[in-house]
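These are my notebook entries from a look through one structure.

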Amino acid sequence: MTATKKPESPAVAPEPWQAQNLGGIWRSYVAKVRGGDVGALPAVLGLLVLVIVFSILRPDTFTSELNFANLINQSAAVTVIAMGLVFVLLLGEIDLSAGFTGGTAAAVMGVVMTNHDQGWFISVLACIATGVVIGTCIGLLVARLGIPSFVVTLAAYLGLQGVMLEIIGEGGTIPFENESIRAITDKNLPVWLGWTLAAALVLGYAAVTYLRNARRRRAGLQHEPTLLWAIKTGSLAVIAVLFVGYLSRERSLNPAFKSLKGVPNSMVVILGLLLVLSFLLGRSAWGRHVYAVGGNAEAARRAGINVMWVKLSCFILCSSVAAIGGLLLAARNHSVSPQTGGNETLLYAVGAAVIGGTSLFGGKGRVVDAVIGGTVVAVIANGMGLLNQEPGVVYIVTGLVLLVAASVDAISRRRAAASGRA
Amino acid sequence: MTATASERAAAPSSGEPLLRLRGIQKSFGAVHVLRGIDLDVKAGEVTALVGDNGAGKSTLIKGIAGIHSFDEGEYVFDGRPVTVHNPKDASGLGIEVVYQDLALCDNLDVVHNMFLGRELRHRGLLDEDAMEKRARETLNGLSVRTLQSVRTKVASLSGGQRQTVAIARSVLWNSRLVILDEPTAALGVAQTEQVLLLVRRLADSGLGVILISHNLNDVFQVADDIAVLYLGQMVAQVRKDDVTSNQVVQLITTGSTGAEGASA
């Protein structure tokens, strides 16, 4: 190995992937995937296959603008809950109660808003505060007492169902009359604002990554080849244009009566959370500690990391984000019932995170995995519905997809262990 | 790092020892593990700590590192009597321990592992550039030539490379005394050689080094001083050149030999 190094960097040989041409970038990416570092690749491929299959089977309904926007609103709650779950999964823990945490938080919000006539701001605050309280309880039991999170959150799963029944009353519902809350899933951004946000997103990404690369190149540190940067930025721009373009078309069944176009508001919530949470996980010391605790808790402890606080904070974050997920569920249904956040919500959310590439073994995963996985889950549910399949078939297919995702995780771990990429 | 290290090396190793322990006692309940240990570790030297299983080596280094405190005895660091109650006190003095199981996170890369728990920040955010730069400088300063990239995940490193990362981490923070717990235990011949070279380089750059090892070949290759523990007592601390391998084996197994007078 020593023979390959260059004189200007005596200790560290130049990066093998620092290829400046297309072939080199492709080869290094293939090597990475072969080594078991598949990332979100299986999910993206699966998504493409699903979209193609459903587009062929239901060309007029599945690909319609209306269904596309519908899909986003359908998947929003599951995706958001999955984003919170990523943090808990990164620790190698699980939160089975995230769905009902969302439901309970939404119920509290409903009570504050409907029974106590508070505005949307106070209500949303109460919703998130409920999530923080639930997360703190779960986190303390797991991190402090050392009870396995599976048991604690299973207990919370049962207990919170009871709490919801007590709050709402058996068989009852709390209607959501507040327009501001309902607008999250019912209304869309004005077309111009959708384009502005998309442009800001793409330009922001391009500028931040370009400046970072330039700085690292000047400092003689490892950096992304400019070509790779261009490919990434270009892809992002193409996706953004297609996305916003398609959503900006008229999708109302009766445009003369009511026009319906623009990026759904729930999309903004998802993107906002994605940015904030990714930033927290990737750029803060706390985020680094989350990965460390998930990778080797003992090493983290010896390195002086407060493992208990890291665990506690991850559970608090997960439950708070789940509360926002519950808010989205309630906003979409215009009400809270004892079933809000129940049924398949939690399992879809865990499935979304895992399908996207977050490892159940801890230490590996990103927030964006939840968004990709959440889209896969939503496309299955939506497409199967359009095919008029029975709910039983939808569950079976979703279960199989989750199984495939978990297998990909396990197999890639084995490959990673063999090639040492883990 | 290299600059300060060579300044430290200027201090002659014949002077005041960097670490001086006198009459250290430690019991766990009824078990009297350490019975009046004396130990001197000089800057710029490798002091090998040898002894059979259960002789008290681990208890001794855990006490030095502050994982548990000694019951009795004098703990003098750099000429000043100090009290070390927890690992923070020890790292505050510049004492770093490289444990046998290395305590690295497989899912993080070399830079992240070296700065684990002590990340450099810039306006509250991780300062990746500065960390990568310093990690490289430290590795270069130790003349480490076996790492392909500081951004490789630790999982993909060989045993010797992992040991190198763990050792490099311990010298990243103006450390004065590095304690290595069986650094060559799981390594092949070539890797053992590399790690021993690295251990020697640490001492040559002016740090005090305590090397725990069962392998007397390693000990005789790099150590300047050999301290032998036998059933919780320090039966000898001798210069390497004053003893033979056989005498050390005798000290380890029986606690006495004709050469014992050399420890005086």
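**Entry 1: the second largest cavity**

Before anything else, a note on naming: the helices here are DSSP runs of H or I with at least four residues, numbered from the N terminus. I also kept in mind that this is a predicted model.

I found 2 cavities of 30 Å³ or more in the structure. I opened the second largest cavity, which has a volume of about 40 Å³. Which elements each supply at least two residues of its lining? They are helix 8 (191-218) and helix 9 (226-247) of chain A. Helix 8 of chain A has the largest share of that lining, with 3 residues. I wrote down the residues around the second largest cavity as A:Tyr210, A:Asn213, A:Arg217, A:Glu224, A:Pro225, A:Thr226 and A:Trp229. Sorted by class, this lining has 3 nonpolar, 2 polar and 2 charged residues.

**Entry 2: the second largest pocket**

Next I turned to the second largest pocket, with a volume of about 730 Å³. I noted that helix 12 (297-302) of chain A gives two or more residues to the lining, as do helix 3 (87-93), strand 6 (95-98) and helix 6 (159-171) of chain B. The lining comes to 25 residues, and those nearest the centre of the pocket are A:Arg302, A:Ala303, A:Gly304, B:Pro87 and B:Ser91. I sorted the lining of the second largest pocket into 14 nonpolar, 5 polar and 6 charged residues.

**Entry 3: salt bridges**

I counted 24 salt bridges over all chains, and I followed three of them.

The side chains of A:Arg216 and B:Asp129 meet at 2.7 Å, N to O. A:Arg216 sits in helix 8 of chain A and B:Asp129 in helix 5 (residues 128-141) of chain B, so this pair joins two chains. Are the two partners buried or exposed? A:Arg216 is buried, at 9% relative accessible area, and B:Asp129 is buried too, at 12%.

I then went to A:Arg249, which forms a salt bridge with A:Glu65, with 2.8 Å between the closest N and O atoms. A:Arg249 is in the loop between helix 9 and helix 10 (265-283) of chain A, while A:Glu65 is in helix 3 (residues 65-90) of chain A, so the pair ties together parts 184 residues apart in sequence. I noted A:Arg249 as partly exposed, with 45% relative accessibility, and A:Glu65 as buried, with 15%.

B:Asp106 is in the loop between strand 6 and helix 4 (110-114) of chain B, and B:Arg162 is in helix 6 of chain B, so the bridge ties together parts 56 residues apart in sequence. B:Asp106 counts as partly exposed, at 31% relative accessibility. I also looked for salt bridges that share partners, and found one network made of A:Arg215, A:Arg216, A:Arg288, B:Asp109, B:Glu128, B:Asp129, B:Glu132 and B:Arg151.

**Entry 4: a nonpolar patch**

On the surface I found a nonpolar patch formed by A:Leu141, A:Leu145, A:Ile147, A:Phe150, A:Val151 and A:Leu154, with about 520 Å² of accessible area together. Which helix gives the most to the patch? Helix 6 (residues 149-168) of chain A does, with 3 residues. I checked A:Leu145 as well, which lies in the loop between helix 5 (120-143) and helix 6 of chain A. A:Leu145 has a relative accessible area of 62%, so it counts as exposed, the cut-off being over 50%.

**Entry 5: backbone angles and one packed leucine**

Most residues other than glycine have a negative phi, so I looked up two exceptions. A:His334 has a positive phi, near 60°. I placed A:His334 in the loop between helix 13 (307-333) and strand 2 (335-336) of chain A, and it is partly exposed at 25% relative accessibility. B:Glu182 is not a glycine either, yet its phi is positive at about 45°. B:Glu182 belongs to the loop between strand 9 (177-181) and helix 7 (189-204) of chain B and counts as buried, with 13% relative accessibility.

Last, I looked at B:Leu198 in helix 7 of chain B. B:Leu198 is buried, at 3% relative accessibility.

Notes: Residues are numbered from 1 along each chain as its sequence is written. Chains are lettered from A and ligands numbered from 1 in the order in which they are written. This is a predicted model: local features need pLDDT of at least 70, side-chain atom pairs count only at pLDDT 80 or more; totals for chains, interfaces and linings use all residues. Side-chain values use heavy atoms; hydrogens and water are left out. On a 1 Å grid over the protein atoms alone, a cavity is a set of points where a 1.4 Å probe fits but cannot get out, and a pocket is an open set with protein on both sides within 12 Å along at least five of seven lines; lining residues have an atom within 4 Å of a point. Grid points are joined across faces, edges and corners, and a volume is the space filled by probe spheres set on the points. Ala, Val, Leu, Ile, Met, Phe, Trp, Tyr, Cys and Pro count as nonpolar, Asp, Glu, Lys and Arg as charged, and the others, Gly among them, as polar. Patches are made of residues with over 30% relative accessible area and no salt bridge: like charges are joined within 9 Å, nonpolar side chains (Val, Leu, Ile, Met, Phe, Trp, Tyr) within 5 Å. Accessible areas come from the Shrake-Rupley method with a 1.4 Å probe; for residues, only the protein chains shown count as cover. A salt bridge is a side-chain nitrogen of Lys or Arg within 4 Å of a carboxyl oxygen of Asp or Glu. Buried means under 20% relative accessible area, exposed over 50%, partly exposed in between (1.4 Å probe, protein chains only).
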